[in-house]
Amino acid sequence: MKIAVLAVGKPKDRRIASLIEEYLIRIQPRGLVSLECIPDGTGTSEVRVEREGQEILKRFRPRDRVILLREDGKESDSTEFARMLAREMETAPGRIVLLIGGPWGVSKSIQQRADDSLSLSRMTFTHEMCLLFLAEQLYRAFSILQGAGYHH
């Protein structure tokens with residue numbers, strides 16, 4: 001079962017991009033988690049959200065299990081997140097897609113397509129930081145599931 005991280009916008013800070021890549025490379029088995037960045041939309045916030053939504057929908061496959069990252073999504077600690085991922089990997093008929101929307105949020109069509117939601121925090125972070133935190137938590141989750149020493 002593959003996990004796809006789909007994010008609107010590409011990290012602009014090379015240091016953050018490097019850390020994201022480092023965490024994703026550490027996940028074993030290699031290639032289990034992929035990252036795809038969708039270009040930011042242009043225009044007014046409403047137009048951007050709709051354009052980004054159309055582009056996101058093109059990337060989904062019919063059998064994907066889509067989990068939207070949102071401030072008001074379900075909260076969990078790292079161990080609960082690891083267990084949730086393990087459950088999803090056993091039961092999802094297709095990929096697990098973890099979606100980070102753009103700065104103006106996501107379109108109604110994306111909200112309706114999402115199967116679940118997840119919150120990294122109730123605080124607001126830049127999209128680069130959300131992507132970094134998600135990459136680290138994915139690495140931590142797989143370390144927990146494999147009994148590695150990263151998570152104490």
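Helices (H or I, at least four residues) and strands (E, at least two) are DSSP runs, numbered from the N terminus. The elements named in this report follow that rule.

## Basis of the model

This is a predicted model, in which local features need pLDDT of at least 70 and side-chain atom pairs count only at pLDDT 80 or more, while totals for chains, interfaces and linings use all residues. Residues are numbered from 1 along each chain as its sequence is written, and side-chain values use heavy atoms, with hydrogens and water left out.

Strand β1 (3-8) is mostly covered, with 6 of its 6 residues buried. Buried means under 20% relative accessible area, exposed means over 50%, and partly exposed lies in between (1.4 Å probe, protein chains only). From β1, Ile3, Val5 and Ala7 point one way, while Ala4, Leu6 and Val8 point the other way, and all are buried.

Two strands count as paired if DSSP finds at least two bridges between them. β1 pairs with strand β2 (residues 33-38) in the parallel sense, over 6 bridges. In this pairing Ala7 stands opposite Cys37 in β2. Between these two strands the chain passes through α1, and the β-α-β crossover is right-handed. A crossover is right-handed if, with the strands pointing away from the viewer, the path from the first strand over the helix to the second runs clockwise. β1 also runs parallel to β4, joined to that strand by 5 bridges. The bridge partner of Ala7 in β4 is Ile100.

## Strand β3 and its partners

Strand β3 (residues 65-74) is joined by 5 bridges to strand β4 (residues 96-100), and the two run parallel. Leu68 has Leu99 as its bridge partner in β4. The chain goes from β3 to β4 through helix α3 (residues 78-91), in a β-α-β crossover that is right-handed. Phe81 lies in helix α3 and counts as buried, at 4% relative accessibility. Phe81 and Phe60 are 21 residues apart in sequence and 22 Å apart in space, C-alpha to C-alpha.

β3 also pairs with strand β5 (residues 116-118), in the parallel sense and over 4 bridges. Here Lys74 stands opposite Leu118 in β5.

Grid points are joined across faces, edges and corners, and a volume is the space filled by probe spheres set on the points.

The largest pocket holds about 400 Å³ of space. It is lined by 19 residues, of which Leu69, Arg70, Glu71, Gly102 and His127 are the closest to its centre. The elements that give two or more residues to this lining are β3 and α5 (127-146), and β3 gives the most, with 4 residues. By class, the lining of the largest pocket has 10 nonpolar, 7 polar and 2 charged residues. In this scheme Ala, Val, Leu, Ile, Met, Phe, Trp, Tyr, Cys and Pro count as nonpolar, Asp, Glu, Lys and Arg as charged, and the others, Gly among them, as polar.

The second largest pocket has a volume of about 160 Å³. Its lining residues include Ala7, Lys10, Asp40, Pro103, His127 and Leu131. β1 and α5 each supply at least two residues of this lining, and the largest share, 3 residues, comes from α5. The classes here are 5 nonpolar, 3 polar and 4 charged residues.

## Aromatic pairs

The structure holds 2 aromatic pairs. Rings of Phe, Tyr and Trp (its six-membered ring) pair if their centres lie within 6.5 Å; planes under 30 degrees apart count as stacked, over 60 as edge-to-face and the rest as tilted. Tyr23 and Tyr139 form a tilted pair, at 6.1 Å centre to centre and 40° between the planes. This pair links distant parts of the chain, with Tyr23 in helix α1 (residues 14-26) and Tyr139 in helix α5, 116 residues apart. Tyr23 is buried, with a relative accessible area of 17%, and Tyr139 is buried at 15% relative accessibility.

The ring centres of Phe125 and Phe133 are 5.0 Å apart and their planes stand at 80°, so this pair is edge-to-face. Phe125 counts as partly exposed because its relative accessibility is 28%, and Phe133 is partly exposed at 29%.

Definitions and conventions. 1 Å grid on protein atoms, 1.4 Å probe; cavity = no way out; pocket = protein on both sides within 12 Å on 5 of 7 lines; lining within 4 Å.
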